[in-house]
Amino acid sequence: MGEDQVPTPSQTVGPFFGYALPFEGGPDSAGGAEVIRIEGQLLDGAGEPVPDGLLELWGGQQFARCRTDAEGAFHFTVTKPPPGSEPGDEAPHLHVTVFARGLLRHLATRMYFPDEEAANGRDRVLNVVDPARRHTLIAQSDGAVLRFDIRMQGDSETVFFAL
Amino acid sequence: MSVSHGDSEPPYLHPDYRATVRRAPRRELVRLPAEWFHHLPGPAFGRVPVRSEDADLTRQHEREPLGERIVVSGQVLDSDGRPVRHTLVEVWQANAAGRYVDPVDDHAAPLDPNFTGAGRCLTDAGGRYRFVTVKPGAYPWRNHENAWRPAHIHFSLFGPSLASRLVTQMYFPGDPLIPLDPILQSIPDEHGRDLLVAALDLTITEPQWALGYRWDITLRGRNSTPREG
């Protein structure tokens, strides 16, 4: 007992979580007029879709979970977290966690909103990220949806945060 | 005081586990001050449905599943030694023959119509959890020639903060496949690997009914900081 117990190590989620972790309505954390649909694809270092990934999204009291499909695609419906839902001078964003076969530890990233240019410019987290990589954290408007692809490796590797 | 993790966490890239090669991030992870990220409240998981019967994987169908009935129980603590109360624990596993219900699994072992292999519960006020299930079988995989996974149960836990989220696997004591498994052996130090192996516990065992295994879990606590690498 006491401080400094060694945390239990992480292991991969593996490929067989299908009957356990996804739940009815999991990707859809919000309804109503302000709802935003997010669509994206999880891609590996060869640019191939990751068909056995699981994503979790958290922010503004919303929690959602979606497994990727055969094309590596995922979707969520959310609302933009209101200002002040997190401490500090941060633009609205959602926390995104990635689990997959081949990930011995999960990955943590963030999704920012493309229509918050001024707030994004002031955001303390975006400002510690290499300017050339910041775009990987900001979703793109694509008609009626926001597009947010996650690249695990490669020239446009998504920015992931140390856990 | 900050928690030192030493080499008890697996790296992202561990080529002996082939699937890491194209999926481990290659760029340096961005380190944020802990108060910007690690200490933030974690997900409110209340949308995930939990029924009391979800903790007994042997009572989810008309009959009992085949296999060796076991009880798996333990306490969830944070790295400061405090119980993590009322947090969601999700488990999933192969059946006694080493086959998952998930259609992705094509191992030529029988499915059991009385076993799904998925369970959920909340820890109690002392941070304790308890599942009744059957001992999962070992199964082959395609990582390398003649590769077999040791028997294991997958666990997913939330805890109170963004840093406390944990997905891991529990193994069984004395399993001869443990030294051969690149997933468990990805953890550099022996103590870290030992933390994933449950202990046979006669106080959890139900006489004349089911063997008991104890497996305590430590989630990262409020002193956690970003890890190296």
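How many residues of chain A are in contact with residues of chain B? The answer is 54, and they meet 68 residues of chain B. Contact here means C-beta atoms, placed from the backbone, within 7 Å.

Some ground rules. This is a predicted model, where local features need pLDDT of at least 70, side-chain atom pairs count only at pLDDT 80 or more, and totals for chains, interfaces and linings use all residues. Residues are numbered from 1 along each chain as its sequence is written, while chains are lettered from A and ligands numbered from 1 in the order in which they are written.

Back to the interface. On the side of chain A that touches chain B, strand 2 (53–59) and strand 5 of chain A are the elements giving two or more residues. Strand 5 gives the most, with four. Strands and helices are DSSP runs, numbered from the N terminus: E, at least two residues, for strands; H or I, at least four, for helices.

Now chain A itself. It has one helix and nine strands. The order from the N terminus is β-β-β-β-β-β-α-β-β-β. Its C-alpha trace spans about 45 × 40 × 35 Å along the principal axes. Of its 163 residues, 50% count as buried. Buried means 20 or more other C-beta atoms within 10 Å of a residue's own, with C-beta atoms placed from the backbone.

Last, the core. The largest nonpolar core has 93 residues. Such a core joins buried Ala, Val, Leu, Ile, Met, Phe, Trp, Tyr and Cys residues through C-beta atoms within 7 Å. Strand 5 of chain A, residues 93–100, gives the most to this core, with five residues. Among the residues with the most contacts inside the core are A:A139 and B:L157. A:A139 touches A:I38, A:Y112 and A:F148, among others.

How values were computed
Buried ≥ 20, exposed ≤ 12 C-beta atoms within 10 Å, placed from the backbone. Contact = placed C-beta atoms within 7 Å. Lists of a residue's contacts leave out its neighbours within four places in sequence.
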